[in-house]
Amino acid sequence: MSSVGQKQPAAASPDDASVSDSSISPFSYSTKDKHNDACSVDSVRTGVIASHTKAGYGDDPDAVANGPGRQGDTKRTGSSIGAFLNIVTVVIGTGTLQLPYSIRQSGWAGLVLLPVATLIGLFTGNLVIRALYLTSGGRLRNFKDIGKAAYGRFGLYFTSFFNAVYISGIVCVYIILAGTNIGRIINDLSQNGGAHVPVAVRNSKFWMFISAIMMWLPFVAFKHLAETAVLAFFGFVTSIVVTVIAVVQCARFPDRGGGGAPGAHHPAPATHTDALLIKGFPMALGSIAFAYCGVAIYPHVEAGMRNPARWPTVLAVSMGVITVAYLAIAVTGYWAFGDHVKSPILDNLPNDGVRIAADILITLH
């Protein structure tokens, strides 16, 4: 927490009285404030609001947020609900299905990492958005602009490199997982239905190529995240449905070894009594951190919000929903399969229509 006393809101001038809160960026700060510690999540909510008339941007809310030469092509047309859906859809994904395995690596103590990761996500998510407004001349656009504003050309190159590695890595992971899932689904349907499917069509690499094209299409079709509200809603629904399927199926088919599907092939009962496994704790930490990835899109989500003052609330609600879903699947999956839990957890479930439906939904997500 900052050692500096809590900032007091700047006194509004007579000209400011006619400006509505929704037209003022909630994260703009004066030059004096930039010398203060910006690392408190609470200060994000109570930080100094800079008047848009004093900044010289007139009465246009978009100009207030963007400023000259910044983000002038972005229109704030997105709702808070749309921002919530985008955050949850991006963060909850395939990382959810490996959480029971992460708890297997760390023991039950690994559950503590979930609320810790939530707090870190809240802190960094608010801090990044606040940093976008800490320079004069309007809102910065992304991490690269933040790096340049903080450390000049070196900061620009440094941040650009790691941002590119981060985003490319995430995209590659999803392409591989999507292609693998589609190939497995086709093989399952072929075996269960008895239909002949060409080998090339059952090849996961073929579907990785198709998945890459499918991911590229929305990128060129939509210019702003506010335009993806329908896709975000669909992604949110599929994420929640897959989580519910996994939790319910784990509860219905716990592995007790030698009795009932899908654990009959195990010679001994599954165990899940390990409280703490030090050796696997670092791996569990990495997996859980991956499950909370999403900060790279936060500047773009906030840029499209009609009321950016609600960002801290939207982020907090999103993280709350995500953590509840994560705790549910982590606890249920590890309780059901213990030492035999796999990653993803769907591999532990019976190979029936419900399992195939979950595979299809998580791939579409």
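Trainee: Is Ala-296 buried or exposed?

Mentor: A residue is called buried when its relative accessible area is under 20%. In this predicted model, Ala-296 has 12% relative accessibility and therefore counts as buried.

Trainee: Where is Ala-296 found?

Mentor: Ala-296 belongs to the loop between α11 (281–291) and α12 (298–303).

Trainee: Which residues does Ala-296 touch, not counting residues up to four places away in sequence?

Mentor: Contact here means heavy atoms within 4.5 Å. With residues up to four places away in sequence set aside, Ala-296 touches Phe-143, Tyr-166 and Ile-167. Ala-296 and Gly-125 are 171 residues apart along the chain, and their C-alpha atoms are separated by 9.3 Å.

Trainee: What does the side chain of Asn-142 reach?

Mentor: The backbone nitrogen of Asp-145 is reached by the side chain of Asn-142 at 3.1 Å. Apart from neighbours within four places in sequence, Asn-142 is in contact with Leu-132, Pro-299 and His-300.

Trainee: In which helix does Ser-287 lie?

Mentor: Ser-287 lies in α11. At 17% relative accessibility Ser-287 counts as buried. Once neighbours within four places in sequence are left aside, its contacts are Gln-98, Ser-102 and Gln-105. Ser-287 and Thr-96 are 191 residues apart in sequence, while 9.6 Å lies between their C-alpha atoms.

Trainee: How many helices and strands does the protein have?

Mentor: The secondary structure comes to 14 helices and zero strands. Of the 365 residues in the protein, 44% are buried.

Trainee: What share of the contacts with a separation of 6 or more comes from residues 24 or more positions apart?

Mentor: Such residues account for 80% of the contacts in the protein with a separation of 6 or more.

Trainee: Now the helix pairs. At what angle do α6 and α13 pack?

Mentor: An angle over 145 degrees counts as roughly antiparallel. Helix α13 covers residues 311–337, and α6 packs with α13 at about 160°, the axes being 10 Å apart. That angle makes α6 roughly antiparallel to α13. The crossing of the two is right-handed.

Trainee: Which residues of α6 and α13 meet?

Mentor: From α6 come Leu-114, Thr-118, Gly-121, Leu-122, Gly-125, Asn-126 and Ile-129. Those they meet in α13 include Trp-311, Leu-315, Met-319 and Tyr-326. Sorted by class, the contact of α6 with α13 has eleven nonpolar, five polar and no charged residues.

Trainee: How far apart are the axes of α4 and α13?

Mentor: Helix α4 spans residues 80–91, and its axis is 9 Å from that of α13, at an angle of about 40°. The crossing of α4 with α13 is right-handed. On the α4 side the contact is made by Ser-80, Ala-83, Phe-84, Ile-87, Val-88 and Val-91. The α13 side includes Trp-311, Val-314, Leu-315 and Tyr-326. The contact of α4 with α13 holds twelve nonpolar, two polar and no charged residues.

Trainee: And α10 with α14: why are they called roughly antiparallel to each other?

Mentor: The cut-off is again over 145 degrees. Helix α10 (residues 229–252) and helix α14 (residues 353–364) pack at about 150°, with 9 Å between their axes. The two are therefore roughly antiparallel to each other.

Trainee: What is the handedness of the crossing of α10 and α14?

Mentor: The crossing of α10 and α14 is left-handed. Phe-234, Thr-238, Val-241, Val-242, Ile-245 and Gln-249 of α10 meet Val-354, Ala-358, Leu-361, Ile-362 and Leu-364 of α14. In the contact of α10 with α14, nine residues are nonpolar, two are polar and none is charged.

Trainee: Which residues does a cis peptide bond join?

Mentor: Look at the omega angle of the bond. Ser-343 and Pro-344 are joined by a cis peptide bond, with omega about 5°. Pro-344 is in the loop between α13 and α14.

Note on methods: Residues numbered from 1 in each chain as written. Predicted model: local features only at pLDDT ≥ 70, side-chain atom pairs only at ≥ 80, totals over all residues. Heavy atoms only, no water. Axes fitted to C-alpha atoms, helices over the stretch in contact; angles between N-to-C directions. Helix = DSSP H or I, 4+ residues; strand = E, 2+ residues; numbered from the N terminus. Parallel < 35°, antiparallel > 145°, perpendicular 65-115°, else oblique. Left-handed = near helix turned anticlockwise from the far one by under 90°. Nonpolar A, V, L, I, M, F, W, Y, C, P; charged D, E, K, R; others polar. Buried < 20%, exposed > 50% of the residue type's maximum accessible area, 1.4 Å probe, protein only. Polar contact = N/O pair within 3.5 Å; in protein donor to acceptor, adjacent residues only side chain to side chain.
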